[in-house]
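Biologist: Please put the model on screen. I have a list of local features to go through.

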Amino acid sequence: MFFRETVRLICAVALGVAAASYAHAASYYIDSTGGNDRNNGLSERRAWSTLDKVNAAEFGPGDRILFRAGSQFRGQLHPRGSGRDGRPIVVDMYGTGAKPRIDAGGQFHEALLLENQDYWEVNNLDLTNTGATREPARYGARVRSWDHGVMRHIHLKNLFIHDVNGSLIKKDQGEGHGIVWENGGDKVKSRFDDLLIENCRLERTDRNGICGVTAYRPPDRDNRSVNVVIRGNVLEDIGGDGIKVWGCKGALVERNVLRGARRRAQDYAAGIWPWDSDDTVIQFNEVSGVTGTKDGQAFDSDAYTTNTLFQYNYTHDNDGGFMLVCCFENTGTVIRYNISQNDRTRLFHMAGSNQNVQIYNNVFYIAPGTDVDLFLWTGDRTGWTRDVQVRNNIFYVAGTASNSSGTRKKPDGTHFTQPGFGSASNVVFEHNVLYGYASRVPEEWKRLTADPQLVNPGHGGDGMKTVEGYKLKPGSPCIGAGVPIDKNGGRDFWGNPVRQGANPDIGVHQTR
C-alpha cells in the first residue's frame, strides 16, 4: 500500500512538473522599430526591440522567439538555453514582408551562433556579415558543439545568408563560411545528432557555402556526427567550396542547387564533397559554374572516406570537370545515374591511392570544340588508383576526348600528360558506349561506338527538368546492352525501375 501511494505521488509530481513546464512556454516578440526593451516581449504590442535583450534571456522548451518581418538589427544573435525532445525552441518571423535581417557588420565572427545548446529550430532570417576587410573565421551562421557531448536537433531552415567576406585562404588560416557546423573538445568528446540545413539560400559567401569542421584528427570514427541532412538549398556565387561534409557518418546531401563556386578563391576547391566521412549519400543535386582548374570539379570524393554514393545528379559547365576521386584511405566510391554536360578539362581525375570505385549507368556529354580527358590518372606519395569498374556508361563526344596519365602538375592545377594509365591498376572498362572522336584511348574502349540515339543531347539548361534529351530513343542500340550490376539502386534518373539481375539499358534511362 505504501509503495503504491509513493508511486502515485511521484507520478503526480512528474505530471505537475510537466504541466508547469508547458504552462511556462512562451512566445517572445522582437520589433526593431516598434518595440521597446522595457516591455515584457510577450505580445506584438509589447515587443522587445534589440538583439541584446534576446541574448540576455534564458529560453526553455517550447519557447518561440519571433522577429517582426522587415525588422533590421545590427549585431549578433546568440540566444541561450535548450529545448528538449518534442519541444524545441523555435526562432521565426511574424507578420508579412522581408525576412528579419541581422547584420553582424564584421564585428562578430558570426551573425547567428548556437553553441552547446540542444533542440533549436531557426527559420526565416536574413543573415549577413561584411567587414571593412576580409578576416579569418567570419561566418553567416555557426553551430558549435565543443566539450559538450552530443548536440541534438539543430534545424536551420529557410535562411537567407549573403555577403560574408571571410578569409579565402583554406583550412588553418580560418576560411570563412556561409553556414558552418563545428565539433571538437578534449574534455568531453562532442558531435552532432540530427543536424538539418534545409531550403536556405546562400549568395556571395566566402570562402565557402555550407561546411562542416571537426577538430578530431582523421580518421576518428568514434566522434562522427550522425543524422546530418543538407537538403533543398540554393547556393550562388560562392568564393570557394560549395558544400563540404566533414566528420560525419551517413550524411545526406540532396536536392541542392549550386550555381557558381570557386569564384574568388585562388587555392583548390570543388562543388560538393565529403572528407573524413563514411556512407555519405549525394543525390539529386545540380552543380554548375565551378570555375578554374585547381580542382574545379562539380564533385569530389576525398580522403578518409568510405562508401560515398553519388547518384541522380546533374552537372554542367564546370571548368575542372565532373568529378575528382582522390587521396589516401578512400575506398568504395559509387557513381551512378548522373548526367554531365559540357564539363571541361577532365571528366574524372583519379588521383592518389583511392580504390574500389564503381562508375556505371551515367551519361557524359562533351561539347563541340572542347578537348577533354575522359580520365586523368595521377599518383602521389601514397600511390595510384586501383580497382576501378566502368560499366554501362555513355560517353557522347561532340568534341575530342582522351585517356591520360599526368606526368607533372602545372601551376593552374592541370597536368602535363601522356597516353595511358600511369601506375593505376585493374581498370575494367566494359559495356560502355564511346561515341564520337576519341584519341589516345585503349582500343578495347572502342568496342561500342554506335550513335546511342539520345533524344536531344547537349541541350540541357538550368534545372533538373531540362535533361529529357538524355533519354533513349526507341530502337537505341543501348537498350538491353548493359551488364547487370549488383545492388544497382533500383531506379534510373527519372525513377523508372531497374530490375536486379537483368541486362539494363546503357546510360541513365531504363526503357523496359
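Biologist: Where is the place of Pro 219?

Modeller: This is a predicted model, with residues numbered from 1 along each chain as its sequence is written, and local features need pLDDT of at least 70, side-chain atom pairs count only at pLDDT 80 or more, while totals for chains, interfaces and linings use all residues. Side-chain values use heavy atoms, with hydrogens and water left out. Strands are DSSP runs of E with at least two residues, numbered from the N terminus. On that numbering, Pro 219 is in the loop between β17 and β18 (225-231).

Biologist: What is omega for the peptide bond that joins Pro 218 and Pro 219?

Modeller: Pro 218 and Pro 219 are joined by a cis peptide bond. Omega there is about -10°.

Biologist: Which residue does a cis peptide bond join to Asp 206?

Modeller: The bond has an omega of about 5°.

Biologist: Is Lys 170 buried or exposed?

Modeller: Lys 170 lies in the loop between β13 (160-165) and β14 (177-184). Buried means under 20% relative accessible area, exposed over 50%, and partly exposed in between, with a 1.4 Å probe and protein chains only. Because its relative accessibility is 18%, Lys 170 counts as buried.

Biologist: Is Glu 329 buried or partly exposed?

Modeller: Glu 329 lies in the loop between β31 (321-326) and β32 (330-331). Its phi is positive, about 50°, although the residue is not a glycine. With a relative accessible area of 44%, Glu 329 is partly exposed.

Biologist: What is the relative accessible area of Lys 487?

Modeller: Lys 487 is found in the segment after β43 (433-438). It is not a glycine, yet has a positive phi of about 55°. Lys 487 is exposed, and its relative accessible area is 68%.

Biologist: Why is the pair of Tyr 28 and Phe 59 edge-to-face?

Modeller: Rings of Phe, Tyr and Trp (its six-membered ring) pair if their centres lie within 6.5 Å; planes under 30 degrees apart count as stacked, over 60 as edge-to-face and the rest as tilted. The structure holds 27 aromatic pairs. In the pair of Tyr 28 and Phe 59, which are 31 residues apart in strands β1 (residues 27-30) and β2 (residues 58-59), the centres are 5.4 Å apart. The pair is edge-to-face because the planes lie at 75°.

Biologist: How many residues of strand β38 (residues 371-378) are buried?

Modeller: Strand β38 is mostly covered. Of its eight residues, the number buried is seven.

Biologist: How many bridges are there between β38 and strand β40 (residues 394-409)?

Modeller: Two strands pair if DSSP finds at least two bridges between them. Strand β35 (residues 346-351) runs parallel to β38, joined by five bridges. β38 also pairs with β40 in the parallel sense, where Asp 373 has Ser 402 as its bridge partner, and the number of bridges is six.

Technical notes. Helix = DSSP H or I, 4+ residues; strand = E, 2+ residues; numbered from the N terminus.
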